Amino acid sequence: MSCGRTITVNSSLQCVDWSDKSQLIVTGSSDKYIRLFDPRGSSGTIVHSTLQGHDMWVSCVKWSPTSEVELMSGSYDGRSLLWDIRSPKSYLAIISTHEDKVLCCDWKNGRVISGGSDSKLHMSNL
């Protein structure tokens, strides 16, 4: 199998998710930014937008299973955030707060879940 395309970014990637709905790729990085990429672009930059709201490494990102514009993220800053990509300057809500790093997150059936190095699992209805 050969690699059809490689995207180079400016910092190490911690997580990635690909939206079935919008076909956009979301990444979380060690530089505390969330970036959206449109892999359908053929030339130049394919960065769609950058989301800023975390204070430390972004360790997990997950697209909404029902919306092409909503996603959640988790970070070493201990927060899980809800985003609408049409408003990249600010997150919509803090979903959960851990006492330490958020390491994983998921979203299904109107519920979000995050796990952290504080040995806690947070579940929330949206």
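I call two strands paired if DSSP finds at least two bridges between them. The model I am reading is predicted.

**Entry 1**

I started with the hairpin of E2 and E3. Three residues lie between these strands. In the turn, lysine 32 has a positive phi of about 75°. E2 and E3 run antiparallel, with four bridges. I looked up isoleucine 25 and found phenylalanine 37 in E3 as its bridge partner.

E2 also forms a hairpin with E1, with six residues between them. Here glutamine 23 in the turn has a positive phi of about 65°. Five bridges join E1 and E2, again antiparallel. Aspartate 17 stands opposite valine 26 in E2.

**Entry 2: is E2 buried or exposed?**

I checked residues 25-29. Five of the five are buried, so E2 is largely enclosed by the rest of the structure. Ile25, Thr27 and Ser29 lie on one side, Val26 and Gly28 on the other. In a regular strand, side chains alternate between the two faces of the sheet.

**Entry 3: the cores**

The largest nonpolar core has 14 residues. Val26, Ile34, Trp63, Leu71 and Ile85 touch the most other members. E3, E5 and E7 each supply at least two residues. E5 gives the largest share, three residues. I also noted a second, separate core of eight residues, including Met72 and Val112.

**Entry 4: an open sheet**

I traced three strands in the order E9-E10-E11, paired antiparallel. E9 and E11 stand at the edges with a single partner strand each, so one side of each has no neighbour in the sheet. The twist averages 15° from one strand to the next. Six bridges link E9 and E10. Aspartate 106 stands opposite isoleucine 113 in E10.

Methods:
Residues numbered from 1 in each chain as written. Predicted model: local features only at pLDDT ≥ 70, side-chain atom pairs only at ≥ 80, totals over all residues. Heavy atoms only, no water. Axes fitted to C-alpha atoms, helices over the stretch in contact; angles between N-to-C directions. Core = buried A, V, L, I, M, F, W, Y, C linked by side-chain atoms within 4.5 Å. Buried < 20%, exposed > 50% of the residue type's maximum accessible area, 1.4 Å probe, protein only.
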